[in-house]
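Please take a moment with the sequence and the model that follow, and keep both in view while reading.

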Amino acid sequence: YVYFRYDDTGTVMVALNRNAKAVPLAFDRFGDFIAAKSRGHDAMTGAAVAFDQPLSLAGKTATILRIE
């Protein structure tokens, strides 16, 4: 499950994986929010996230990305 929150200062993407196993998340279907964006960062760790390749979502976790 994925949802976005945005305002005049930025955009945040929240991805929830309710499965027990890790699953890949491809970003191509979220073009309305990230097509023109060049960078993303994990809000908890600060790690850079590339939108041109799928992100592995660990099982039973939430991932929060700041989109810049």
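His41 lies in strand β4, which covers residues 40-42, in a model that is predicted. Is His41 buried or exposed? With a relative accessible area of 17%, His41 is buried, because the cut-off for that word is a value under 20%. If its neighbours within four places in sequence are left aside, His41 is in contact with Gly46, Ala47, Ala48 and Val49, and also with Ile64, Leu65, Arg66 and Glu68.

A second residue to look for is Thr63, which is found in strand β7, the element that runs over residues 61-67. Thr63 also counts as buried, because its relative accessibility is 12%. Which residues does Thr63 touch, once those up to four places away in sequence are not counted? They are Met13, Val14, Ala15, Asp42, Leu55 and Leu57.

Val23 has its place in strand β3, which spans residues 23-25. Its relative accessible area is 25%, so Val23 is described as partly exposed. Not counting residues up to four places away in sequence, Val23 touches Asn17, Leu55, Ser56 and Leu57.

The next stop is a loop, the one between β6 (55-57) and β7, where Lys60 lies. Lys60 is exposed, because its relative accessible area is 62% and the cut-off for exposed is over 50%. How many residues apart along the chain are Lys60 and Asn17? They are 43 residues apart, and yet their C-alpha atoms are separated by 5.4 Å. Asn17 is also one of the residues in contact with Lys60 when neighbours within four places in sequence are left aside, and the others are Arg18, Asn19 and Ala20.

With these residues located, the elements can be followed in order. The secondary structure of the chain comes to one helix and seven strands, and from the N terminus on these elements run β-β-β-α-β-β-β-β. The confidence of the prediction can be followed along with them: the chain averages a pLDDT of 93, and 96% of the residues score at least 70. Among the elements, strand β3 has the highest mean pLDDT, at 98, whereas helix α1, made of residues 31-34, has the lowest, at 88.

What remains is the chain as a whole. A compact globule with 68 residues would have a radius of gyration near 11 Å, and the chain agrees with this because its own value is 11 Å. Along its principal axes the C-alpha trace spans about 35 × 20 × 20 Å. Of the 68 residues, 28% count as buried. Among contacts between residues at least 6 apart in sequence, 58% join residues at least 24 apart. The chain exposes about 4800 Å², of which carbon and sulfur atoms supply 51%. Finally, the chain has 8 positive and 7 negative charges, and the mean positions of these two groups are 11 Å apart.

Key. Residues numbered from 1 in each chain as written. Predicted model: local features only at pLDDT ≥ 70, side-chain atom pairs only at ≥ 80, totals over all residues. Heavy atoms only, no water. pLDDT = per-residue confidence, 0-100. Helix = DSSP H or I, 4+ residues; strand = E, 2+ residues; numbered from the N terminus. Rg over C-alpha atoms; globule rule 2.2 N^0.38 Å. Buried < 20%, exposed > 50% of the residue type's maximum accessible area, 1.4 Å probe, protein only. Contact = heavy atoms within 4.5 Å. Areas by Shrake-Rupley, 256 points an atom, 1.4 Å probe, with all protein chains shown as cover. Lys, Arg positive; Asp, Glu negative; His and termini not counted. Charge placed at Lys NZ, Arg CZ, Asp CG, Glu CD.
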